Amino acid sequence: MPTDVHQLDDGAWVSVNDTREVNVSDLWRLAGGGFCSCQLTDFLAEGFVEVGVDGGNVEARIAGQCIQCGASGVTGWLTLGRVDPETGDFRPVVPESVHRPSRRRRGTPTA
Amino acid sequence: MPSKVERWKDETYGMEIRDHLERFAEEGFDAIPEDEHDAWFERFKWWGLYHQRKGQESYFMMRIGTPMGRMTPAQLRTVGEVAREYATGPVDNPEFGHAYADFTTRQSIQLHWIKIEDIPDIFDELESAGLSTIQACGDSWRNIVGSPVAGRDADELVDVWPIVEELHDRFKGNDLYTNLPRKWKVAVTGDRRGAGQGDINDLAFEPAVKEIDGDDVAGFNVNVGGGLARKEPRLARSIDVFCRPENAAEVAAGLSGLFRDHGDREDRFNARMKFLVDEWGTEKIRSVLQEEYVDYELPTAGQGLREEYDYNAGRSDAPGDYVGVHDQADGQHFVGLSVLVGRMAAEDVIELADLAEEYDSEMIGLTQRQNVIVGDIADDDLDDFLAESVLEDYSPDPHPFMRGSIACTGTEYCSLSIVETKNRMVRYARWLKENVPVPEGVSDFHIHLSGCTASCAQPQIADISLRGMKTRKDGEAVEAFDVGLGGGLGENPQFADWVEMRVPADEIPGYIANLLEVYEANREGQESFREFVADRDEDELTGLAEPEETSYEDPYLGNTKMTWYPYAEDEEMSASPAPTNASGEPIPTDD
C-alpha cells in the first residue's frame, strides 16, 4: 500500500496515512553546516513546508530557526521517520538526535 | 499542480459538508473512515470545526461567527448555555474551570472539547437563536469584523451595520464564493476610531468622504492585502477606490471573485490575498477589478479619517479600546468590560446575558481586543449597572495590565502553537499588576501574546509583542518568546520592531518591569509608550532593558506541546483518553 503523507493546518503537522505523526515545536539537531554557522544547529521546527516519501522514508523540509544563533529559513530534506512495509506503522526518528539535511530528496533523480 | 487540500475541496466542500457532518454525528466519531480523516477534518473547518491537536483526537474547537461581534443578550445566553452543556473536557483548566467561551481577536466565539456526536444538537440550539458556525474557518468569507457599536456610537461617519448584514447574508452559503484559495477576511469600518482594524484584513472598507457631483458623499476607501501571519505581515494597501455604501457588496463581490479566480491554489503558503497584491501591484488589482468584476466606473479614493483613529493606536490622548462607559448617539450608554485574554466562564456568560436583558439592553458586542460590550444602558440605570457583582470580575475600569492583555489559544488546544498562552498571560498580568508601577497617565497598556507566527493574537500591533519560541536555559529546552516593541494601528500603522529574541518565558515579566522603569524615567512629558519606542532606533531599543528572573513563577516552562493536555495530572501523551466516544469514554484501538 502506498504511503500517503501531507502537511496540514498551515504546516503545523505531518500526517502519515491519515494519522498525525510529527508536530511543529520540536527541537532538531542538524549537522552539516548548511543551515547556519553553528557547529550543530539547534533547530526549532515552526512549520512543515514540503513533505514527501522516498521508499519507506517520510521526508520533509521544515521552516524554523536555530535557537542558538537566530538564523531562520527552511531546512533541506530531513527524514522524519520510516513506515514499516509490513505493518504500515510509522516509526519516527528522535528529533534531538543528530540529523543531516539533504539538498535533494534521496530518491530524486539528479537530472 | 493543485494542492492536496484543493483536491479534497473539489470533491466535497461548502454547504454539502453539513450532511456528512450530521451522518458522522449520528454514527459516531469512529464512523469517519480512518484513511479519510485528514480530508474530512479539513472540510469540517468550513462549518466552523477545527480538530484539536495531537492527544485530543475526536475533540473539536467550534467557532461561532458573529458579524462585527454583535449579538443580542438572548444570543449571548445561548452561547453560554451551549458552552456549559457541551464545551467540557476530560480535565478542568486551572484558571478557568470546567466550561468556558473564548472571545477572539476577530470577534468570534470559540468553544473547545466539542464532540462530533453533539454537533446536530448544538447547531439546532445555535441556529434557533440566529447564530451559526458557517464559514467560521476554512477557505471562504470569514467573520466580518468592525465596530460592534455601529449605529450606536456617537463617534462615527457611517453606520455600517446594515452593510455588514448585507455582506454577511450575501456571502455566507453563496456557492460562488464557497471555495476560495484561502481564507478571506473583511473589515468594515464606519467609525472615527478605526475600530475595524482594517489594515490587517484581506479587504478593508475604511471611512472616507468624497466629493461627487458637488456633494460630499460619506462612504469608504478600499484597501486590500493586509495580514499578519508567517513573519510576512502586510498592511492593507490602497487601490485608489472610493466606494459608496450602496456599492460595498458589488465591490466586495468583485474583489473576492478576483481572489477566487487568481489566488494561488498550488501553494497554500502563497495563497493569501497579500501575496497576490505583492505580485500584481495595486494598479493591476484596480484595473482587473474595474474591467472584469464591476459594472460601474469606480471613483478614485476619497478623503479618509485616519488622523482621527485611536483604536489600538498607542496614543497618549485617547484610550485605544472600548473599555469603560461611552456615550451612544441616542443618549444612552454602552459599557465595555475587560475580559482577560478573552476567556469567560460559561456561567458568567449566562449571568452577563441575563443582566443585559434585565437592563433592557438589545446589544452585546465582542471587540477585537477580546473584550465584551453591553449596549443601551439608560442614563438613570448606569450607576446600578456599574455596581453589579459580575462587573467585579469583568471590569469597566480594570487595571491597565489586565485591560490590555490579549492571548491566542496556544498549546492548550492548537496544533500550530509552540508555547502555552492564555494561562501564562493571566499569570503575567497578575504579576505585573502586583509588582510593577503603572507609568503615569497610562490607562491601557497593550501586551499581545501569540503562540506562534500565525499571529492570532495580533502580536505585531501591540505596545509589547510576544511571539512563541523556544530556547535553552541551563541546557534545558524551555518555552520562550521573541519580544517586539512599539506596534500599533491608528494614523500611522506600524508593526513592532523585534528587539529581544528567545527570552525564556519566566524572564518576560522581569523584562517588562525593567522596560517600563526605563520608559518612565526617560519619557518626555506625556509621551505614550508607542511614541517613546518610535523615537528610538533599533540599536537603542535592543538592550533598552534586560530580561530577568523575578518572583514570577512559570509552571509551563517545559514543553507543553509534548503533553496531551498541559494541566492534566498525568500529562503524558500516552495518558490521553482520546479519541473518545459520545460519552467521553476512550474508543478502543487496534494497538
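This is a predicted model: local features need pLDDT of at least 70, side-chain atom pairs count only at pLDDT 80 or more; totals for chains, interfaces and linings use all residues.
1. Helix 7 (residues 248-262) of chain B and helix 9 (residues 282-293) of chain B have axes 10 Å apart and pack at an angle of about 105°, so the two helices are roughly perpendicular to each other. On the helix 7 side, the contact uses Gly254(B), Leu255(B), Gly257(B) and Leu258(B), and helix 9 brings Val288(B), Leu289(B) and Tyr293(B). Sorted by class, that contact has five nonpolar residues, two polar ones and no charged ones.

2. Helix 7 of chain B has another partner to look at. Helix 6 (residues 161-171) of chain B crosses helix 7 of chain B at roughly 40°, and their axes come within 10 Å. That angle makes helix 6 of chain B oblique to helix 7 of chain B, and the crossing is right-handed. Here Ile163(B), Glu166(B), Leu167(B) and Arg170(B) of helix 6 meet Ala248(B), Ala249(B) and Ala252(B) of helix 7. This contact has five nonpolar residues, no polar ones and two charged ones.

3. On to the domains. The assignment for chain B gives domain 1 (4-128), domain 2 (161-308), domain 3 (324-398) and domain 4 (403-558). Between domain 2 of chain B and domain 4 of chain B, the C-alpha centres are 32 Å apart. Contact between them involves 12 residues of domain 2 and 11 residues of domain 4. The domain 2 side of that contact has five nonpolar, two polar and five charged residues.

4. Is Gln75(B) buried or partly exposed? Gln75(B) has 19 other C-beta atoms within 10 Å, so it counts as partly exposed; the buried class needs 20 or more. Leaving aside residues up to four places away in sequence, Gln75(B) touches Ala129(B), Gly130(B) and Leu131(B). As for Lys561(B), it is 486 residues from Gln75(B) in sequence, with 34 Å between their C-alpha atoms.

5. Last, the contact between the chains. Chain A puts in 18 residues and chain B 22 residues. On the chain A side, strand 1 (5-8), strand 2 (13-16), strand 3 (19-23) and strand 5 (41-54) each supply at least two residues. By class, the side of chain A that touches chain B has seven nonpolar, six polar and five charged residues.

Definitions and conventions
Residues are numbered from 1 along each chain as its sequence is written. Chains are lettered from A and ligands numbered from 1 in the order in which they are written. Two residues are in contact if their C-beta atoms, placed from the backbone, lie within 7 Å. Helices (H or I, at least four residues) and strands (E, at least two) are DSSP runs, numbered from the N terminus. Ala, Val, Leu, Ile, Met, Phe, Trp, Tyr, Cys and Pro count as nonpolar, Asp, Glu, Lys and Arg as charged, and the others, Gly among them, as polar. A residue is buried if 20 or more other C-beta atoms lie within 10 Å of its own, exposed if 12 or fewer, and partly exposed in between; C-beta atoms are placed from the backbone. Domain bounds come from an automatic or database domain assignment. Axes are lines fitted to C-alpha atoms, for helices over the stretch in contact, and angles run from 0 to 180 degrees between N-to-C directions. Angles under 35 degrees count as roughly parallel, over 145 as roughly antiparallel, 65 to 115 as roughly perpendicular and the rest as oblique. A crossing is left-handed if the near helix is turned anticlockwise from the far one by less than a right angle, and right-handed if clockwise.
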